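Have a look at the fold before reading on.

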Amino acid sequence: MSGTSRIGTGSRSIVQGIVLVTAGLLFAVPLVASASFGFTLPEQGLSLEPIRDAVADSGFAPQVLQSLTLALLTIVASFALLIPTLVWLHLRARRWLPLAEALSVIPFVVPAVALVNGANLAFRVTTPGFLTSVYSLVPFYVILTLPLVYRALDAGLRAIDLRTLCMASASLGSGPVRTFFSIILPNLRAALLTAALLSFTMVLGEYVLATLLLHSTFPVFLVQIGQDRPRAAAGLSLITIVGTWLVLSALTGRGLSKHRTSLPRSPDLRTAS
Amino acid sequence: MTGTSADVTLRSISKSYARQSVLNDVDLSIRGGELLAVLGPSGCGKTTALRVIAGLERPDGGTVHIDGSDVTHRRIDKRGIGIVFQAYSLFPHQTATENVAYGLRVRGASRSRRTTRAAELLALVGLVDHGAKYPQQLSGGQQQRVALARAIAIEPRVLLLDEPLSALDAQVRVQLREEIRRIQYEMGTTTVLVTHDQEEALSMADRVAVMRAGRIEQVGTPHEVYRQPTTAFVSSFIGVVNRIPGRVTGAGQVSALTQQLDLATAGYSTGDLVELLVRPEHISIRPESDRPAGATTIDTGVVTALTLRGAISSLTVIFPELPNPIRVDLPSREAQLFERGHRVRLTVHAEDALIDTAAVNQTARVAA
């Protein structure tokens, strides 16, 4: 019996190993290929020349800045919209949470092309100036990142005993605004970082909406230079992926370690009479 | 250390959720400086009553007064109350000191004042060396101590304790119970303790309000609610009670088995079947051969179990005529005289018995 169990455990481990290695290869091989293609020249071997060339392009700096600004604005707008809404739902209308969760998934099922077509039809006629501004992308990015930001924040709010913390704060003389900024937000640190990370990564890689709405962002720039300087595009893409991953992992790791220090033990939530 | 001691009055408070009445015309006066325990089973409305006092719930009807002022529509942060919750409610991102100082910070106290006061209060609750720890680095009992220090840091007019010990293990609970009582006594703050634990209520409170189904059944000192319960519910909810079938045989006369007891029978008719409620320690037990003078005795029973409970032991006695066994408590030294299988006689003193009004004429299965 125990022998059978050992065999079962062993074969399960092998399957797990195969799955992990396959997934790792699927993730790593394109990155390695990008690196080998982007950081070499046929005659010279290893070289940073393609990257230097791309960075020197007049479109590089403005469009990187553009994308960073858009990412930042998307995060701010998402948080401004979702944090108060979710806090209110958790405190006052928990029965609506399943509906809100279902609604938050809708962006996943509406293709970006359909969204842009609808936006073109609606806004080009009613407010022609709106879509000409690059910042018109922000609301669309908020919609696009909604499922991820919603889940990250919702998980953060479920991890704390929000009602009790708010009641405790109020009983100590703190008004709702102070409670929001002094108690709720600091306890959502990990969730906020995760949501910001997801938004940031998504916006920095978003190509479809930007190109269809005729705006120049960093991903659009990458595609454009990729047409005549594919090595530069590959190198820059890799730097973007790895750089974003490293910076935001460091941020998240720091935030999480601080959060872990202050995480409560599971509260006893026995039903009160 | 001095504190404030405000009177709290609830007048005709009612509250319903989804058409289900939770508080039903509740009147309650809490005297300045006293510790009043609101005791009742789960769902009786005791926590709702506390939340109404706190301002966390708005009553459907009635008013809440603190020191004579109507605070029914005043927000929680404007009522001058401190609360310790059942769930651990310390702010996870703040240290123990920061938690205790939070209320003072909200009130604009200087940093030095906050630090000094927090240190004083942590010392008061025995956690002087734990100020720099985060809540998750503290045990449950320590967290509740910090929560108590935080609640009293703002010098509340009324301190509300919402089952603060129910999540703790028995030993810590007893220890913290005594500490809360000591601190409350030193501070003199009017305190309302909500609990379903009768031992907690009886050992800590100056007065106990027993609630049932949204109503207050009895308010009195722990001694009064235990020794002189005014209703059968209070009698059976607090402590252990034996239910002995009987029949009203005339004015002021009830027979239990074949014996007669002098009991107040106003409101009952001759022939009514009743149940007598008698506490285990209010029954004396003697060997079958030993019949005392001047007392009414129930027929002979057989000892079926002896349970040592420390200084007290419980004997379980069965009678062929009774549906349920009778429990008798007596000092363990006296209990040694009895063994399983002994035939015994029980004596019930009429002044210690109460008729269960809810059970009138429902005991026909038992011959009276």
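Among contacts in chain A between residues at least 6 apart in sequence, what percentage join residues at least 24 apart? It's 79%.

Keep in mind that this is a predicted model. Chain A holds 13 helices and two strands, and 29% of its 273 residues are buried.

On confidence, the chain A average is a pLDDT of 85, with 89% of the residues scoring at least 70.

| Element of chain A | Residues | Mean pLDDT |
|---|---|---|
| Helix α13 (lowest) | 230–261 | 75 |
| Helix α9 (highest) | 176–187 | 95 |

Residues 262–273 of chain A are where to be careful: pLDDT stays under 50 there, and the model gives that stretch 33 contacts beyond four places in sequence.

Now for the helix pair. Two packed helices are described by the angle and the distance between their axes. For helix α3 (residues 60–92) and helix α7 (residues 137–158) of chain A, the axes come within 8 Å and cross at roughly 45°. That angle is why α3(A) counts as oblique to α7(A). The crossing of α3(A) past α7(A) is right-handed.

Who's touching whom? On the α3(A) side, the residues include A:L70, A:L73, A:A77, A:L81 and A:H90. They belong to a contact with α7(A) residues, among them A:L137, A:Y141, A:V149, A:D154 and A:L157. By class, the α3(A) and α7(A) contact has 16 nonpolar, four polar and one charged residues.

Key
Residues are numbered from 1 along each chain as its sequence is written. Chains are lettered from A and ligands numbered from 1 in the order in which they are written. This is a predicted model: local features need pLDDT of at least 70, side-chain atom pairs count only at pLDDT 80 or more; totals for chains, interfaces and linings use all residues. pLDDT is the predictor's confidence in each residue, from 0 to 100. Helices (H or I, at least four residues) and strands (E, at least two) are DSSP runs, numbered from the N terminus. Two residues are in contact if their C-beta atoms, placed from the backbone, lie within 7 Å. Axes are lines fitted to C-alpha atoms, for helices over the stretch in contact, and angles run from 0 to 180 degrees between N-to-C directions. Angles under 35 degrees count as roughly parallel, over 145 as roughly antiparallel, 65 to 115 as roughly perpendicular and the rest as oblique. A crossing is left-handed if the near helix is turned anticlockwise from the far one by less than a right angle, and right-handed if clockwise. Ala, Val, Leu, Ile, Met, Phe, Trp, Tyr, Cys and Pro count as nonpolar, Asp, Glu, Lys and Arg as charged, and the others, Gly among them, as polar. A residue is buried if 20 or more other C-beta atoms lie within 10 Å of its own, exposed if 12 or fewer, and partly exposed in between; C-beta atoms are placed from the backbone.
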